[in-house]
Amino acid sequence: MKIKEALKIKELSRSEKEYILSKLLNKDNIFLHLNPEYEFDEEEFLKIIGLRKKEYPLEYIFNEVYFYGEKFYIEEGILVPRDDTEPLIDVAIKEFNSFTKATVAEIGVGSGIISITLAKKFSQFKFIATDINPKAIEISKINAKTHNVNVNFRLSNLLDEVDEKIDIIISNPPYVEEEWEFDALKYEPEEALFAKDNGTFLLKEIVKEGMKREVKLLICEFGYNQKKLMCDFFKSLNVENYYFYKDLSGNTRGFVIKFDN
Ligand SMILES: C[S@@+](CC[C@H](N)C(=O)[O-])C[C@H]1O[C@@H](n2cnc3c(N)ncnc32)[C@H](O)[C@@H]1O
């Protein structure tokens, strides 16, 4: 098959086809543009197109994902990090700046993107990160090594295996309502996505954990429609000092609680 023929395949966007070709041929986009007649063995390319038509994540095919401008290793069995989580990092950086030193615990580390991105920027802080999925711990360790940061990863439900005094909790927990069925999510682990109680079960557990441990700051990502549910929950616990943050499209995507501890 020639490059120009491959780029004509209809189902995928041009940028995705270019990405696949550049990975397979180990060439950059300029090469693809300058060499439309270049011929290659199409077998692998067509196999990937077939997988993509079934919405299998591209990130699992090439074992890489970009987050906050950095490349991370990823495998099937771990949630694919989303651009949606970048506002959580922006908010965390803003809030972390008022601490000179802190011990941060991340709940639900996945591929490690949150703790690793923040540990690079706040090298004076101590980072502990948990997950119930052993593969998440394994992949996070690989990413921490590549990015040369020190994060203490632990296989743990919430913070059950963390005895240290924690100043800050951060999390992008599973928050999708269990009843929802998205085709696009069918290849990712259920425990990374879904939660009981309209998706708020773990969000609420994390807030309770933060109160129990007397942390100073708690930052969580949540879903578009969970503001009211969390507002009611904060009220029921007499939590008053909090705000919600938005993504670039103006959707409310998470909350920050400041405790007087
Ligand atoms: C939405 S994913 C987030 C992954 C990663 N932090 C990110 O932002 O891409 C949620 C993660 O929480 C983990 N998880 C689910 N329940 C948990 C629990 N009770 N305790 C700790 N981690 C949990 C899942 O295994 C999954 O890796």
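Glu55 is found in the loop between α4 and α5 (58-62); helices (H or I, at least four residues) and strands (E, at least two) are DSSP runs, numbered from the N terminus. Although Glu55 is not a glycine, its phi is positive, at about 65 degrees. With 13 C-beta neighbours inside 10 Å, Glu55 counts as partly exposed. A residue is buried if 20 or more other C-beta atoms lie within 10 Å of its own, exposed if 12 or fewer, and partly exposed in between, with C-beta atoms placed from the backbone.

The model is predicted: local features need pLDDT of at least 70 and side-chain atom pairs count only at pLDDT 80 or more, while totals for chains, interfaces and linings use all residues. Residues are numbered from 1 along each chain as its sequence is written.

## Overall organisation

The chain holds 10 helices and 11 strands. Its C-alpha atoms fill a box of roughly 65 × 40 × 30 Å, taken along the principal axes. Of the 261 residues in the chain, 32% are buried. Two residues are in contact if their C-beta atoms, placed from the backbone, lie within 7 Å. Among the contacts with a separation of 6 or more, residues 24 or more positions apart account for 65%.

The domain assignment gives domain 1 (3-54) and domain 2 (77-258); such bounds come from an automatic or database domain assignment. The C-alpha centres of the two domains lie 36 Å apart. Lys53 has its place in helix α4 (residues 43-53). This lysine, Lys53, is exposed, with 11 other C-beta atoms within 10 Å. The C-alpha atoms of Lys53 and Val256 are separated by 38 Å, and the two residues are 203 residues apart along the chain.

## Nonpolar cores

A nonpolar core is a set of buried Ala, Val, Leu, Ile, Met, Phe, Trp, Tyr and Cys residues joined through C-beta atoms within 7 Å. The largest such core has 50 residues, and those with the most contacts inside it are Ala105, Ile169, Leu203, Leu218 and Ile219. Helix α7 (residues 113-121) gives the most to this core, with 5 residues. A second, separate core of 5 residues includes Ala6, Ile20, Leu21 and Ile48.

Because 7 of the 9 residues of α7 are buried, this helix is largely enclosed by the rest of the structure. The buried residues in α7 are Ile113, Ile114, Ser115, Ile116, Thr117, Leu118 and Ala119.

Apart from neighbours within four places in sequence, Ile169 is in contact with Ala105, Ile107, Ile206, Glu209, Gly210, Val215 and Leu218.

## Strand pairing

Two strands pair if DSSP finds at least two bridges between them. The table lists pairings, with their sense and number of bridges.

| Strands | Sense | Bridges |
|---|---|---|
| β3 (residues 103-107) and β4 | parallel | 5 bridges |
| β6 (residues 168-171) and β9 | parallel | 4 bridges |
| β9 and β11 (residues 252-258) | antiparallel | 5 bridges |

Strand β9 (residues 217-221) is mostly covered, with 5 of its 5 residues buried. Leu217, Ile219 and Glu221 lie on one side of β9 and Leu218 and Cys220 on the other, and both faces are covered. Leu218 in β9 stands opposite Ile169, and Glu221 has Gly254 in β11 as its bridge partner. Strand β4 is also mostly covered, since 5 of its 6 residues are buried. Opposite Glu106 stands Ala129 in β4.

The loop between β5 (152-155) and β6 contains Leu158. Phi of Leu158 is near 45 degrees, a positive value in a residue other than glycine. With 19 C-beta neighbours inside 10 Å, Leu158 counts as partly exposed.

## Ligand surroundings

The ligand is surrounded by 23 residues, of which the closest are Gly108, Gly110, Asn133, Asn172 and Ala192; a residue is near a molecule if its C-beta atom, placed from the backbone, lies within 6 Å of it. The elements that give two or more residues to this shell are α7 and β4 (126-131). By class, the shell has 13 nonpolar, 8 polar and 2 charged residues. Here Ala, Val, Leu, Ile, Met, Phe, Trp, Tyr, Cys and Pro count as nonpolar, Asp, Glu, Lys and Arg as charged, and the others, Gly among them, as polar.
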